[in-house]
Amino acid sequence: MNHRHDPAPLGLPYHGLDRAALDGEYDNRKKVDAAELAAMTERGAQRSDAARRKRKCDLDVAYGPSAAERLDVFAADSPNRGSVEVFFHGGYWWSRNKRDFSFIADGFAPHGVTTVIVGYGLIPTVTMGELVEQCRRALEWVARHIGRYGGDPQRIHVCGHSAGGHIVAMMMATDWTARGLPAQLLSGACGISGLYDLEPIRLCFLNDTLRLSDDDVARYSPVRLPRTQQCLLRLPVGGLEGAEYLRQSKALATTWAEAIDDPEVIVVPGANHYSIRDELGDPRSRMVEMVLRDRLGAR
C-alpha cells in the first residue's frame, strides 16, 4: 500500500500557494454567483421538506449518546437486493444539517435503495477527532441495524460531499474489526469534491474556526493514512471547482493507488461545488447512475 505525502513547511507556500491564494481556492461561495447559490440552497430546502413529507422515513434515530448523533432512514420504493446508501453531508465540518439533504433520498429510493442521511456534531462544539468518531458510530449502527429497514449490511455504499467526502475517506481508513464488524465493511464509496489533505485547510481562513493542529492534520488527513477498505472508490470533482479541489482528489487517488480497485478521479464538466452535489437528488442524473452502476453490488 502506497502512502506518499510531502507536506510543505509551515509558513511557506503550499504547492505554490500562499495564504491569500489558499483562501481563494477554498472559499467556494466566491466561485459561484450569489443569486445562483441562494436559489440552489432554497431549492434544496424545499426538496428536502417534500422528501420528508412524501417518503416513508424514520427520522432522528439515535446512533450515539450525544444529541447530535442522529440519522434519518428513508425506505426504498421497492427493494433492490437490499442496497444501502449512506450519505455524509458537507459544510466544512462546522455548518449544515442532515435535514438539508433529505432530498438525496429522491435520487436513490426510486432505484430500490434504502438511504441513510447522517447527522453529526459540528466544530467547534466537537473536535475533529470526535466528529470522525461519531461518523464511525453512525456507520456501525447502519451495519448492525439496517436489516430492520430492509437493507443488507453487505451492500453498504457510502457517499459524501466536501467535508463529507473527507468523512467517507476516513471510513475507508478505519479498522472495523476493532468494533467487531467485518474487515471489509463497505461495498463501495464515493467522495464528491472531498478534502483529503488537511494541511492547506490548516493554512487558510478555514482554520480560524476549525483550529486544526499539526497532530489533527496527521491523524485525520486520509492522504496520510492506510486504506482498509478494498472496494471501488470514485472521486468526482466539478469542472468549475478549481485546481485545489482537483489536486485533493488526485492526491488521494495517488496515495491509495493499488493493483486492484484503484481510486478514480472523475471531472464532471460544467459542475460547480454545489451543483455536483445536488445531482444526487435526481434519479436520472449522471451522479446517481454512476453510483448505481459501479458500487451498489454485493461484496
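**Overall shape**

I started with the size of the fold. For 299 residues, a compact globule would have a radius of gyration near 19 Å, and the protein chain has 18 Å, which agrees. I note here that the model is predicted. I then took the extents of the C-alpha trace along its principal axes and got about 55 × 45 × 35 Å.

Next came the secondary structure. I find 11 helices and 8 strands in the protein chain. I looked up burial too: 56% of the 299 residues count as buried. For contacts I took pairs at least 6 apart in sequence. Of these, 79% join residues at least 24 apart.

I checked the surface. The protein chain exposes about 11700 Å². Carbon and sulfur atoms supply 52% of that area. I also looked at charge. There are 37 positive and 39 negative charges, and their mean positions lie 4 Å apart.

**Strand E7**

On one side of E7 I have Leu 233, Leu 235 and Val 237. On the other I have Arg 234, Pro 236 and Gly 238. Both faces are covered.

Which strands pair with E7? I found E6, residues 188-192, joined to E7 by 2 bridges and running parallel. Cys 190 has Arg 234 of E7 as its bridge partner. I also found E8, residues 264-268, which pairs with E7 in the parallel sense over 5 bridges. There, Gly 238 is partnered by Val 268 of E8. I note that Arg 234 and Gly 238 both belong to the buried set listed above.

**Strand E2**

I moved to E2, residues 70-74. Here 4 of the 5 residues are buried, so the strand is largely enclosed by the rest of the structure.

I looked up the pairing. Strand E1, residues 57-62, is joined to E2 by 4 bridges, and the two run antiparallel. Within this pair, Ala 62 stands opposite Arg 70 of E2. E2 also pairs with E4, again in the antiparallel sense, over 4 bridges. The bridge partner of Asp 72 is Ile 117 in E4.

**Arg 81**

I followed the chain out of E2. Arg 81 sits in the loop between E2 and E3. Is Arg 81 buried or exposed? I get a relative accessible area of 54%, and Arg 81 is therefore exposed, the cut-off being over 50%.

Tyr 92 has a positive phi of about 55 degrees although it is not a glycine. I place Tyr 92 in the loop between strand E3 (84-88) and helix H3 (105-108). Its relative accessible area is 10%, so Tyr 92 is buried.

Ser 162 is another non-glycine residue with a positive phi, here about 60 degrees. I place Ser 162 in the loop between strand E5 (156-161) and helix H5 (163-172). Its relative accessible area is 2%, and Ser 162 therefore counts as buried.

Where is the cis peptide bond? I found it joining Ile 123 and Pro 124, with omega about 15 degrees. Pro 124 lies in the loop between strand E4 (114-118) and helix H4 (128-145).

**Glu 289**

My last stop was helix H11, residues 286-295, which holds Glu 289. With a relative accessible area of 39%, Glu 289 is partly exposed, because that value falls between the 20% and 50% cut-offs. I took one distance from here. Glu 289 and Leu 206 are 83 residues apart in sequence. In space they are 33 Å apart, C-alpha to C-alpha.

Terms used. Residues numbered from 1 in each chain as written. Predicted model: local features only at pLDDT ≥ 70, side-chain atom pairs only at ≥ 80, totals over all residues. Heavy atoms only, no water. Rg over C-alpha atoms; globule rule 2.2 N^0.38 Å. Buried < 20%, exposed > 50% of the residue type's maximum accessible area, 1.4 Å probe, protein only. Contact = heavy atoms within 4.5 Å. Areas by Shrake-Rupley, 256 points an atom, 1.4 Å probe, with all protein chains shown as cover. Lys, Arg positive; Asp, Glu negative; His and termini not counted. Charge placed at Lys NZ, Arg CZ, Asp CG, Glu CD. Pairing = 2+ DSSP bridges.
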